[in-house]
Amino acid sequence: MSGHISPKSLYYAIFAALMVLTAITVAVAFVPLGALNFPVAITIAVTKATLVVLFFMHVKYSSRLTKMIVGMALFFLMTMFGLTLTDYLSRSW
């Protein structure tokens, strides 16, 4: 079984992008954005996680079955978070 071979320059570019996004995360942590702190941090984290899954875990070049399994895992993770959030928000503190 032979897989897709990516050039080293691609991995270096992804690594540089991850480092830049990490620096942006740290910089944004010191900027008072009010209610936007959490959405900005989550957006950056999701972007970094997407880069890692697509390139370092080779999902981008995998079969459709692998992509479907990753998508289903994300779907069930979001379902679990959604159900947990509904329980948390429905409590009267």
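The model is a predicted one, in which local features need pLDDT of at least 70 and side-chain atom pairs count only at pLDDT 80 or more, while totals for chains, interfaces and linings use all residues. Residues are numbered from 1 along each chain as its sequence is written, and side-chain values use heavy atoms, with hydrogens and water left out.

The chain has three helices and zero strands, where helices (H or I, at least four residues) and strands (E, at least two) are DSSP runs numbered from the N terminus. Read along the sequence, the pattern is α-α-α. The radius of gyration, taken over C-alpha atoms, is 17 Å, well over the 12 Å that the globule rule (2.2 Å times the number of residues to the power 0.38) gives for 93 residues, so the chain is more spread out than a compact globule. Along its principal axes the C-alpha trace spans about 55 × 35 × 10 Å. Of the contacts (heavy atoms within 4.5 Å) with a separation of 6 or more, 57% are accounted for by residues 24 or more positions apart. Buried residues (under 20% relative accessible area, with exposed over 50% and partly exposed in between, for a 1.4 Å probe and protein chains only) make up 10% of the 93 residues.

Helix α1 (residues 8–29) and helix α2 (residues 37–56) have axes that come within 10 Å and cross at roughly 165 degrees; axes are lines fitted to C-alpha atoms, for helices over the stretch in contact, and angles run from 0 to 180 degrees between N-to-C directions. That makes α1 roughly antiparallel to α2, a term for angles over 145 degrees. On the α1 side the contact includes L10, Y11, I14 and F15, and on the α2 side V40, I44, L51 and F55 are among the residues involved. The residues of this contact divide into 15 nonpolar, four polar and one charged, with Ala, Val, Leu, Ile, Met, Phe, Trp, Tyr, Cys and Pro counted as nonpolar, Asp, Glu, Lys and Arg as charged, and the others, Gly among them, as polar.

Two residues are set out below.

| Residue | Place | Relative accessibility | Class |

Leaving aside neighbours within four places in sequence, S6 is in contact with Y11 and Y61. L77 and Y11 lie 66 residues apart along the chain, and their C-alpha atoms are separated by 28 Å.

Key
Angles under 35 degrees count as roughly parallel, over 145 as roughly antiparallel, 65 to 115 as roughly perpendicular and the rest as oblique.
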